[in-house]
Amino acid sequence: MEIEEKGRVKFKPLHNKVVVRVNKPEETTSGGLIIPQSSKASTLSGVVVAKGFDVSQLNIDNRVIFGSNSGIELVLDGEKYLLMEDLDVFGFVTM
């Protein structure tokens with residue numbers, strides 16, 4: 001699967017790589033308190049937007065959980081993504 005949105009740049013990950021659109025971590029609590037950087041979780045979540053041909057356990061649109069040091073930042077048409085190996089993903093959320 002390729003990342004292609006609104007006719008813009010296409011990117012196809014190879015082998016066991018996945019591209020994830022990262023969800024922004026919460027900056028404040030529901031009561032409006034600001035969460036300090038040191039208290040934010042060491043895990044992140046996001047959505048798989050593209051995957052290489054060797055990735056079998058993850059699908060496009062899976063919501064995934066991964067470590068904060070996983071992957072490398074990839075910027076396509078001004079949008080930030082993470083490119084990582086499928087083994088960097090801890091698991092995915094099912095509904």
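Student: Let's start with strand β4. Which strand does β4 join, and how many bridges are there?

Tutor: Happy to begin there, keeping in mind that this is a predicted model. Strand β4 covers residues 72-76, and five bridges join β4 to β5 in an antiparallel arrangement. One place to look is L76, which stands opposite E79 in β5.

Student: Which other strand pairs with β5, and in which sense, parallel or antiparallel?

Tutor: That is β1, residues 17-22, which pairs with β5 (residues 79-85) in the antiparallel sense over four bridges. Within this pairing, V18 stands opposite M84 in β5.

Student: How should I think about where side chains point along a strand?

Tutor: The general idea is that side chains in a regular strand alternate between the two faces of the sheet. With that in mind, let's turn to charged side chains.

Student: How many salt bridges does the structure hold?

Tutor: The structure holds two salt bridges. In one of them, the side chains of K17 and E85 meet, with an N to O distance of 3.7 Å. K17 belongs to strand β1 and E85 to strand β5, so this pair ties together parts that are 68 residues apart in sequence. There is also a salt bridge between the side chains of R21 and E79, at 3.8 Å from N to O. Here too distant parts of the chain are linked, as R21 is in strand β1 and E79 in strand β5, 58 residues apart.

Student: Now a loop residue. Where does S70 lie, and is S70 buried or exposed?

Tutor: S70 lies in the loop between β3 (63-67) and β4. Buried means under 20%, and S70 is buried because its relative accessible area is 11%.

Student: What does the side chain of S70 reach, and which residues is S70 in contact with beyond its sequence neighbours?

Tutor: The S70 side chain reaches the backbone oxygen of G67 at 3.1 Å. Setting aside neighbours within four places in sequence, S70 is in contact with L82, M84 and D88.

How values were computed: Residues are numbered from 1 along each chain as its sequence is written. This is a predicted model: local features need pLDDT of at least 70, side-chain atom pairs count only at pLDDT 80 or more; totals for chains, interfaces and linings use all residues. Side-chain values use heavy atoms; hydrogens and water are left out. Two strands pair if DSSP finds at least two bridges between them. Helices (H or I, at least four residues) and strands (E, at least two) are DSSP runs, numbered from the N terminus. Buried means under 20% relative accessible area, exposed over 50%, partly exposed in between (1.4 Å probe, protein chains only). A polar contact is a pair of N or O atoms within 3.5 Å; within protein, one must be able to donate a hydrogen and the other to accept it, and residues adjacent in sequence count only if both atoms are side-chain atoms. Contact means heavy atoms within 4.5 Å. A salt bridge is a side-chain nitrogen of Lys or Arg within 4 Å of a carboxyl oxygen of Asp or Glu.
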